[in-house]
Amino acid sequence: MVLAFSPQSALGQLLLLRSIAIVLQLILVLISIVLLDKNIPHQPVFTIIALESLFQLFSIIMYRRNREISERAMTLQLVADIVFLSLLLSFLGGASNAFVSLLLLPCIIAAVTVSIGYVLFVSSSALLAYGYLYVAVTMPMHHHGMHMGEHLLGMFVNFVFMVVVTVGVVAILVKRIREREALLAKTREKQLQQEQLLALGSAAAQVTHQLATPIAHLNLLLEELQEDFPEHPAVAEMNSPISQCRVQLEGFRAQTELLKLKRQEQSQSSSYVLEQLEELMTLQYPEQSLTISEQTSPVVVNGDPMLVPALLNLIVNAAKANERAGKCKIELTAYAQRGNWHLLIKDQGKGIAQQKLENLGKFVVESDTGFGMALLLTNATLERVDGELQLENLDEGGVLSTVVLPIIGEL
């Protein structure tokens, strides 16, 4: 976890508060010397304030060059505040000084800005500082006054109680706020993704509708050509691609109707899904060698109408990666494990750039081969059926796509 440094950030506010505190320290010490107590040790007090000012100047110069700081650096700043305040109070009455309660402030700031481990470290530092001021500085000064000693001991116990309660409450509240912010961010991300998918779906439906008429017209022309030139080789070659376009278009229409009417099949067997994928890949990429291995008995998975097209997108991407690398082998491995059905898709391509691998399927990622729309749609479909998609580069080359779907029944 890193913290952004800016005048509005936690570190920026801390440095501003420290600057104000240094000025107030000088003013209060001067007022005390002039008006209240002329026996204040001038040299050590002003030396500590000078050292604190140098540390503040060093911190400003150092962190202005960095856009982000680590939690460890933030903790170091808070512990430094505790050390400087403790040193200053050790010459100004120790735990009997009214400003000793300011040791609680770094603990509260830590609870808001850093993780629990660092919060405990800062709180322990504050408690040790207060204990040092009480035992080493204050008690020798008041060992003859029994009532004053009891009062100071009560203040020490109260400080421990305040640190535990305040830091604990603040840490819990901050954790809940961060969880809520993370949930809101995830909800906004989901909403944006749904808006993108809706736009893609509308565009796809429009394209499908616009292609229906020319494909039907081409099919009629092909039938006339077959009657007039039944032996012509070009006519025979045209038959396969036009038939493929017609089959694909009918499949798009069927899937659109299922989604439009919100009719979803109750279940699909894993073997049926694999058969559909093999049939579609043989139709679209006959030059690719598809090897399917179902290592366990077939199971039943959610029958979302977009499941097969979503899985087909992954295999099509594998086929395209193979074509760019001059390869032709795609391996599919399916098995059931711990209530989930796993489908592994392995290609022989050149892999995916690591900086793009983390965002594929979650965001629109621009590349030389497209924008990752197919993976975005696939990931959305899998999330809708409580599935999961994982992508990773293989050491020997290629990409391993792992689909995990919950099993809803046995055959």
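Angles under 35 degrees count as roughly parallel, those over 145 as roughly antiparallel, those from 65 to 115 as roughly perpendicular, and the rest as oblique. The structure is a predicted model, in which local features need pLDDT of at least 70 and side-chain atom pairs count only at pLDDT 80 or more, while totals for chains, interfaces and linings use all residues. Residues are numbered from 1 along each chain as its sequence is written, and side-chain values use heavy atoms, with hydrogens and water left out.

**View 1. The whole chain.** The chain holds eleven helices and nine strands, which are DSSP runs numbered from the N terminus (H or I of at least four residues for helices, E of at least two for strands). Of its 411 residues, 36% count as buried, a term for a relative accessible area under 20%, with exposed meaning over 50% and partly exposed in between (1.4 Å probe, protein chains only).

**View 2. Helices H3 and H4.** The axes of H3 and helix H4 (residues 104–113) come within 10 Å and cross at roughly 170 degrees, where axes are lines fitted to C-alpha atoms, for helices over the stretch in contact, and angles run from 0 to 180 degrees between N-to-C directions. H3 and H4 are therefore roughly antiparallel to each other. Glu-71, Met-74, Leu-78 and Ile-82 of H3 make the contact with Pro-106, Ile-109, Ala-110 and Thr-113 of H4, contact meaning heavy atoms within 4.5 Å.

**View 3. Helices H2 and H3.** Helix H2 (residues 42–63) and helix H3 (residues 71–90) have axes that come within 10 Å and cross at roughly 170 degrees, which makes H2 roughly antiparallel to H3. On the H2 side the residues that meet H3 include Val-45, Ile-48, Phe-55 and Tyr-63, and on the H3 side those that meet H2 include Ala-73, Gln-77, Phe-84 and Leu-88.

**View 4. Gln-25 in helix H1.** Gln-25 is found in helix H1 and is buried, with a relative accessible area of 15%. Leaving aside neighbours within four places in sequence, Gln-25 is in contact with Ile-49, Glu-52 and Leu-88; Ile-49 and Glu-52 are also among the H2 residues that meet H3, and Leu-88 is among the H3 residues that meet H2.

**View 5. Leu-16 in helix H1.** Leu-16 lies in helix H1 (residues 10–36) and, at 47% relative accessibility, counts as partly exposed. Although Leu-16 and Gln-56 are 40 residues apart in sequence, the distance between them in space is 9.6 Å, C-alpha to C-alpha.
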